[in-house]
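Me: I would like to go through this protein with you and ask, for each label put on it, what the label rests on.

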Amino acid sequence: MDNKHVKLYTCGPTVYNFAHIGNFRAYIFEDLLKRFLLYKGYKVTQVMNLTDIEDKIINAIRGKNITANEYTQKYKDSFFNDLDTLGIHKAEVFPAATEHIPEMVKMIQVLLNKGIAYKTEDDSVYFKVSAYPEYGKLANLNIEEMQKGNRVENDEYEKEELRDFALWKGYKEEDGNVFWETELGKGRPGWHIECSAMSSKYLGNHFDIHCGGVDNIFPHHENELAQSQAATGEKFVNYWMHCEHLIVDGKKMSKSLNNFYSLQYILDQGYTPEAIRLTLLSTHYKQKLNFTFEKVKTSEKNIRRIKDFYSSLNNFEEHIVPVFEKLISSTHNKFDSFLSDDLNISGAIGTIFNMIKEVNSYLKKGKISKKDVSDIQEFLRKVDTILNVCKYDEVAEGLTDEEIKLIEERSFARKNKNWAESDRIRDIFLEKGIILKDGPNGTIWTKK
Ligand code: AMP
Ligand code: ZN
């Protein structure tokens, strides 16, 4: 890492279908990592690939009068929409595999020249695992066992050894209109080589952090690591970070098991994007997350608690002495050190609720100073640059002078026990999506 600049590579989607919320668990974990690094003052360059050429895509377009690009476009668009909806920071580069064929061919040629890859009769190219003694270290594999194993991959052609994997796949009839004419012959790249070629193009041969889900460790990342280090002779990455799976009923959520929820499906059930985000965010990335709608409801309540607390602080007194300086700085430190400890997000969120509890119990007895309010609100805003679920700007801005006057009129009506008038004004706000709540410190408002 140079000059507080972190280079981050995160494996992106295969765009043959809509992404499911299991995929988004991985992307939100990566978003948490990136946002925390930004919060700590690092510059972050993130690269996320789009796998837009792969067996599943070729299968999907076979026999149809459509190109791979035409087929994948709608899934790419939907992926970017979903990133926006979930408030996920965009990567600096989203390279598509189909736009980087020359870079992949070049890397494969280096491996061929070094004798670490070989060509087969059908014009495919394989990585020769026996020529790379480091193979298997990342995933802790027993290479002897793999040798004997009878795993059959669908990308097997005529490889020398079972464990060898395809860098380039020679053209076959069933590939239809999907091929590139290159120095390697007519064909298409294997999946793993895209991440090796694109990461070195945008981040250099050696970079800081490489992320993905645990299912990426083998074979994808093991193969990426072998290809890159064998080709460049340099150390590939400093840190690998893999997030555990999102599961439903004890099984990994995946397209192949057909047990997946798309983001749209959950939104259609009436849940907010912020609650879905918090649900995917708030379990430590090394733990499995069992998805339930109960958890989304709890997240919704938790967000509401923080937002209501934030708004309730707007009733303060100018001329009283601040008392929360210590509490704020210790909450800040704890929040920071929880996240610094391998992204302990549940611990970090816990500190926020402890602070809210303490301030609220104080508020039952007395008023709060203007300085305390602005310090607490500033801290909560900073926290939300990471959580990104409260979106205070939307909460704090937007009331017109007329609306503020109307809230005052309602308070006056309530003082005079004119409940009909008070309800009438509350309903006017409800229609506009603004909820008025009456508490010990007066009326607060939040957006629905
Ligand atoms: P794919 O589109 O299958 O290549 O997956 C894209 C990313 O989502 C990869 O980083 C996967 O490891 C991750 N992923 C897939 N399924 C899940 C799941 N159920 N839970 C968490 N991450 C997942
Ligand atoms: Zn990858």
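This is a predicted model: local features need pLDDT of at least 70, side-chain atom pairs count only at pLDDT 80 or more; totals for chains, interfaces and linings use all residues.

Reply: Residues are numbered from 1 along each chain as its sequence is written, chains are lettered from A and ligands numbered from 1 in the order in which they are written, and side-chain values use heavy atoms, with hydrogens and water left out.

Me: What makes residues protein donors of the zinc ion (ligand 2), and which are they?

Reply: Donors are N, O and S atoms within 2.8 Å of the metal (3.2 Å for Na, K and Ca), and sites may look incomplete because water is not among the atoms. Cys11 (SG), Cys195 (SG) and His220 (NE2) lie 2.0 to 2.2 Å from the zinc ion, and in sequence these donor residues are spaced C-x183-C-x24-H. Helices (H or I, at least four residues) and strands (E, at least two) are DSSP runs, numbered from the N terminus.

Me: Why is Asp336 called buried?

Reply: Buried means under 20% relative accessible area, exposed over 50% and partly exposed in between (1.4 Å probe, protein chains only). Asp336 has a relative accessible area of 17%, and therefore counts as buried. Cys195 and His220 are both buried as well, and of the 448 residues of the protein 51% count as buried.

Me: What makes β3 and β6 edge strands of their sheet?

Reply: Two strands pair if DSSP finds at least two bridges between them. The open sheet has 5 strands in the order β3-β4-β5-β7-β6, with antiparallel pairing. β3 (117–119) and β6 (180–182) each have a single partner strand, so one side of each is left without a neighbour in the sheet. β6 pairs with strand β7 (residues 185–189) over 3 bridges, and Glu181 stands opposite Lys186 in β7.

Me: Why is β5 described as largely enclosed by the rest of the structure?

Reply: 6 of the 6 residues of β5 are buried, so the description follows from that count. β5 pairs with β4 over 3 bridges and with β7 over 3 bridges.

Me: Why are α1 and α9 called roughly perpendicular?

Reply: Angles under 35 degrees count as roughly parallel, over 145 as roughly antiparallel, 65 to 115 as roughly perpendicular and the rest as oblique. Axes are lines fitted to C-alpha atoms, for helices over the stretch in contact, and angles run from 0 to 180 degrees between N-to-C directions. The axes of helix α1 (residues 21–39) and helix α9 (residues 273–281) come within 9 Å and cross at roughly 80 degrees, and the two helices are therefore roughly perpendicular to each other.
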